[in-house]
Amino acid sequence: METINIGYGHMALGFLLLIIPTYFLYRYRTGLVRDTLWAALRMTVQLFFIGFYLEYLFLWDSVWINLLWVLFMIVIASSTVLKRTKLPLKMLFMAVSVAFLVSLLIIDLYFLGLVVRPEKIFTARYFIPISGMILGNMLSANVIALNSFYGSLNRERQLYLYLLGNGASPGESLAPFMREALIKSFNPTIASMAVMGLIALPGTMTGQILGGSSPSVAIKYQILLMIAIFASSLISVLLTLWISRRKSFDRYGMMLF
């Protein structure tokens with residue numbers, strides 16, 4: 001079954017849906033109207049550019065080009081995480097980038113090498129989209145985790161200093177804040193996984209069905225991708241928090257910013 005192509009005129013009709021959220025954001029003076037319109041414009045331009053570029057990326061299917069593209073995505077994702085969390089870019093950029101790179105390599109090699117098993121692990125048709133989905137979810141989880149971890153530390157600095165002063169190691173003193181960061185990062189994902197298929201059809205599965213795949217094939221991909229995304233997000237959050245701790249605290253356990 002061939003996918004129905006959407007013309008540019010009908011795309012314009014789809015964009016009219018933005019009037020509804022924009023109106024209420026304006027009415028309640030949220031200050032998010034400009035950000036919403038700018039985000040929609042950026043998304044449109046970026047996705048059209050990526051769609052054009054991916055045509056050539058799939059055609060070339062070079063391992064080195066594919067790896068360079070994923071490294072570029074990691075750089076952008078790391079910068080975005082620190083920008084959204086308002087944490088010092090120079091101090092923590094390497095921590096987030098290394099966490100993303102290591103997590104992505106572990107999950108990509110396992111998922112593509114042992115589960116999907118394409119002829120070439122780094123083939124563009126599998127490696128680029130799957131890496132993109134994993135990175136996007138890691139980005140969201142890390143923003144929530146870092147906001148929670150450093151936000152809680154700033155709010156509860158007295159508790160942290162109290163634990164340090166009573167003989168706890170820096171790691172033991174930071175454990176409650178790590179726990180809170182993990183809970184806040186993964187509660188939404190766990191809740192979403194628990195009701196997936198009952199309340200809504202997930203995006204990957206819907207996209208594959210619209211693209212002509214059978215529902216049974218789409219379901220298998222969706223289940224395994226959700227597990228891969230969950231595992232990679234957890235690994236990346238832990239690595240980010242562990243590595244950033246080394247950059248954010250001195251040897252006495254005091255925060256450097």
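1. A residue counts as partly exposed when its relative accessible area lies between the buried limit, under 20%, and the exposed limit, over 50%. Glu 180 has 26%, so Glu 180 is partly exposed. The model is a predicted one.

2. Glu 180 pairs with Lys 184 in a salt bridge, with the closest N and O atoms 3.0 Å apart. Both residues sit in helix α8, four residues apart, which is about one turn of the helix. Lys 184 is also partly exposed, at 41% relative accessibility.

3. A whole-structure search gives two salt bridges. Besides the pair in α8, Lys 120 bridges to Asp 61, where the closest N and O atoms are 3.6 Å apart. This pair links distant parts of the chain, 59 residues apart. Lys 120 is in the loop between α5 (89-116) and α6, and Asp 61 is in the loop between α3 (33-60) and α4 (63-85). Lys 120 has a relative accessible area of 45% and is partly exposed.

4. Now the helix packing. Helix α6 (residues 124-155) and helix α8 (residues 170-195) have axes that come within 8 Å and cross at roughly 145°. The crossing of α6 past α8 is right-handed. On the α6 side, the contact residues include Ala 141, Ile 144, Ala 145, Ser 148 and Phe 149. On the α8 side, they include Leu 174, Phe 177, Met 178, Glu 180 and Lys 184. By class, the contact has ten nonpolar, three polar and three charged residues.

How values were computed. Residues numbered from 1 in each chain as written. Predicted model: local features only at pLDDT ≥ 70, side-chain atom pairs only at ≥ 80, totals over all residues. Heavy atoms only, no water. Axes fitted to C-alpha atoms, helices over the stretch in contact; angles between N-to-C directions. Helix = DSSP H or I, 4+ residues; strand = E, 2+ residues; numbered from the N terminus. Left-handed = near helix turned anticlockwise from the far one by under 90°. Contact = heavy atoms within 4.5 Å. Nonpolar A, V, L, I, M, F, W, Y, C, P; charged D, E, K, R; others polar. Salt bridge = Lys/Arg side-chain N within 4 Å of Asp/Glu carboxyl O. Buried < 20%, exposed > 50% of the residue type's maximum accessible area, 1.4 Å probe, protein only.
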